[in-house]
Amino acid sequence: MLKLAKGLPVSLQCTPARIVKPRSVAKRGIIARSFSTEVKSQSKDDDYVQNLLHLNPRAERMKRAKVVPVATTQAAREHWKRYDEPSPETLDNNWDDIKHSTLSERGGLKEAARCLKCADAPCEKSCPSQVDVKSFITSISNKNFYGAAKTIFSDNPVGISCGMVCPVSELCVGGCNLAATEEGGINIGGLQHFATEAFMSMNIPQIRDPSLPPVESLPKSYKAKIALVGCGPASISCGTYLARLGYTDITIFERDAHIGGLSSSEIPSFRLPYEMVKYEAELMKDLGVNIVTGRELGKDFTVESLKKDGYKAVFVGVGLPTPKITKEFKGLSMKQGFYTSKDFLPLAAVSSKPEMKEANEKMGRPIMPPPRFNGGGV
């Protein structure tokens with residue numbers, strides 16, 4: 001007779017099976033009745049099994065085809081659907097992050113676990129800023145988000161911006177050895193965005209490397225005045241590296257009321273929010289770099305005037321203020337329906353960034369809407 005272990009359900013017994021050849025139908029009935037009586041005696045175990053079965057209910061299928069009205073199916077679909085269909089009302093002035101590369105902590109840990117940690121690291125060789133990709137992905141897989149962000153920002157002071165808008169498919173991800181597999185290459189941009197944004201939430205200021213000589217012990221030349229023109233990614237990177245080396249008198253002159261250059265003025269918020277660019281500038285300011293807005297090169301000052309004011313070095317990082325227009329489109333303007341990137345992108349960017357718009361209006365430099373195109377003048 002089968003004996004049950006005390007405290008365990010019937011369905012979980014793992015006793016060895018024994019083949020019994022009954023001599024008669026009557027004896028088979030005796031064995032069945034005896035087994036049934038013993039199971040019923042285990043009332044607590046039976047209740048436990050029933051409770052387990054209720055956790056995984058089984059729907060009894062009909063023996064004939066199941067017919068459900070279309071209206072019922074549509075109602076059920078609307079009830080169980082986990083996302084809303086986009087509509088003009090939900091998309092109007094909606095600048096939420098919609099990038100497919102954005103990762104949560106769960107997604108970031110799963111993606112980091114896929115990395116092969118290649119010895120030659122082709123992803124790092126394909127990165128223009130030479131970020132130690134293998135190292136920061138390893139830190140993410142170990143839940144060391146601070147270490148991952150430290151690796152990124154050490155090699156790239158604008159690591160958040162690059163993680164969100166960098167064309168990784170042509171750079172690091174394009175060189176990933178997993179790009180030839182069914183799952184595709186590692187989502188390096190998403191991992192970089194996740195790690196740097198996690199560090200942003202920690203509210204940790206940037207400091208110089210403690211292993212470097214203190215600023216007070218550096219030669220007098222490190223106290224020379226340095227001017228950086230334009231507060232875009234180039235000047236933020238330059239100012240950060242100079243301050244890390246120990247230079248203490250660095251000033252950035254920006255034409256607009258907002259900072260960030262092209263990253264702020266020509267990239268909409270759903271791709272790169274203004275607070276991300278502002279945070280990168282705040283990390284630079286933690287090292288003592290000063291930012292002066294509302295000063296334009298060629299109008300408020302020149303390189304020669306900066307030299308007369310005592311600046312020993314000038315870095316010009318104004319980018320490309322004017323677009324390149326081929327001869328076929330020479331003479332056309334917004335009044336005729338012709339928009340360049342420098343005409344259209346600032347309008348889209350400032351519409352999605354209220355803080356940047358308010359700063360320009362306070363300075364008296366509002367970004368005006370384009371003239372309405374009526375088809376004339378073409």
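## Helix α15 and its cover

In α15, the residues P346, L347, A348, A349 and V350 are buried, where buried means under 20% relative accessible area, exposed over 50% and partly exposed in between, with a 1.4 Å probe and protein chains only. The cover over these buried residues includes α12 (262-265) and α16 (354-363). Helices (H or I, at least four residues) and strands (E, at least two) are DSSP runs, numbered from the N terminus.

This is a predicted model, in which local features need pLDDT of at least 70 and side-chain atom pairs count only at pLDDT 80 or more, while totals for chains, interfaces and linings use all residues. Residues are numbered from 1 along each chain as its sequence is written, and side-chain values use heavy atoms, with hydrogens and water left out.

## The protein as a whole

The protein has 16 helices and four strands. Buried residues account for 33% of its 378 residues. Contact here means heavy atoms within 4.5 Å. Taking contacts between residues at least 6 apart in sequence, 74% join residues at least 24 apart.

## A loop glycine

Let's look at the loop between β4 (311-316) and α15 (341-351), where G317 is placed. G317 counts as buried because its relative accessibility is 16%. With neighbours within four places in sequence left aside, G317 is in contact with V229, G230 and S235.

Helix α5 (residues 105-113) has G108, E111 and A112 buried. They lie on the same side of α5 because they cover an arc of only 100° around the axis, the arc being that of the directions from the helix axis to the C-beta atoms. On the other side of α5, R106, K110 and A113 are exposed. The buried residues of α5 pack against α7 (133-141) and α10.

## Where α8 meets α10

Two packed helices are described by the angle between their axes and the distance between the axes. For helix α8 (residues 145-155) and helix α10 (residues 188-200), the axes come within 8 Å and cross at roughly 105°, so α8 is roughly perpendicular to α10. Axes are lines fitted to C-alpha atoms, for helices over the stretch in contact, and angles run from 0 to 180 degrees between N-to-C directions; under 35 degrees counts as roughly parallel, over 145 as roughly antiparallel, 65 to 115 as roughly perpendicular and the rest as oblique.

On the α8 side, the contact is made by F145, Y146, A148, A149, I152 and F153, and on the α10 side by Q192, F194, A195, T196, A198 and F199. These residues divide into 10 nonpolar, two polar and no charged. Ala, Val, Leu, Ile, Met, Phe, Trp, Tyr, Cys and Pro count as nonpolar, Asp, Glu, Lys and Arg as charged, and the others, Gly among them, as polar.

Q192 belongs to helix α10 and counts as buried because its relative accessibility is 9%. Leaving aside neighbours within four places in sequence, Q192 is in contact with F136, I152, N156, G159, C162 and G163.

## Nonpolar cores

A nonpolar core is a set of buried Ala, Val, Leu, Ile, Met, Phe, Trp, Tyr and Cys residues joined through side-chain atoms within 4.5 Å. The largest one has 23 residues, of which F136, I137, I140, I186, I188 and L191 touch the most other members. At least two residues of this core come from each of α7, α8 and α10, and α10 supplies the largest share, five residues.

Not counting residues up to four places away in sequence, L191 touches L103, G108, E111, A112, F136, I137, I140 and I186. A second, separate core of 18 residues includes I226, C231, I236 and L287.
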